[in-house]
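Hi,

Here is the structure I promised to pass on. Have a look, and my notes follow below.

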Amino acid sequence: MAMAVAPQHRESSSSGSLDKHLTDNGKYVRYTSEQVEALERVYAECPKPSSLRRQQLIRECPILANIEPKQIKVWFQNRR
């Protein structure tokens, strides 16, 4: 029987927030501060990137390469 994972709260610090994302196995994993910084830079340029732009980010930014495209999409939705 699968166990439900309680939602965890987002933490903030003065240097930037450490966000969390849900993996396929239902566990939260924190984004690193470098990942958050990269996502925030893109958000400053374009708060609503297209699917193609998000895929381009994954290809061009090695820091974001281990994040699923859907998780990047959700990050932007939550950020807005």
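How many salt bridges does a search of the whole structure find? There is one, where a salt bridge is a side-chain nitrogen of Lys or Arg within 4 Å of a carboxyl oxygen of Asp or Glu. The side chains of E40 and R79 form it, at 3.1 Å from N to O. It links distant parts of the chain, with E40 in helix α1 (residues 33-45) and R79 in helix α3, 39 residues apart.

Before you read on: this is a predicted model, so local features need pLDDT of at least 70 and side-chain atom pairs count only at pLDDT 80 or more, while totals for chains, interfaces and linings use all residues. Residues are numbered from 1 along each chain as its sequence is written, and side-chain values use heavy atoms, with hydrogens and water left out.

As for the fold, the protein chain has three helices and two strands, in the order β-β-α-α-α from the N terminus. Helices (H or I, at least four residues) and strands (E, at least two) are DSSP runs, numbered from the N terminus.

The axes of α2 (residues 51-60) and α3 (residues 69-79) come within 10 Å and cross at roughly 115 degrees; these axes are lines fitted to C-alpha atoms, for helices over the stretch in contact, with angles from 0 to 180 degrees between N-to-C directions. On the α2 side, R54, L57 and I58 meet P69, I72, K73 and F76 of α3, contact meaning heavy atoms within 4.5 Å.

Cheers
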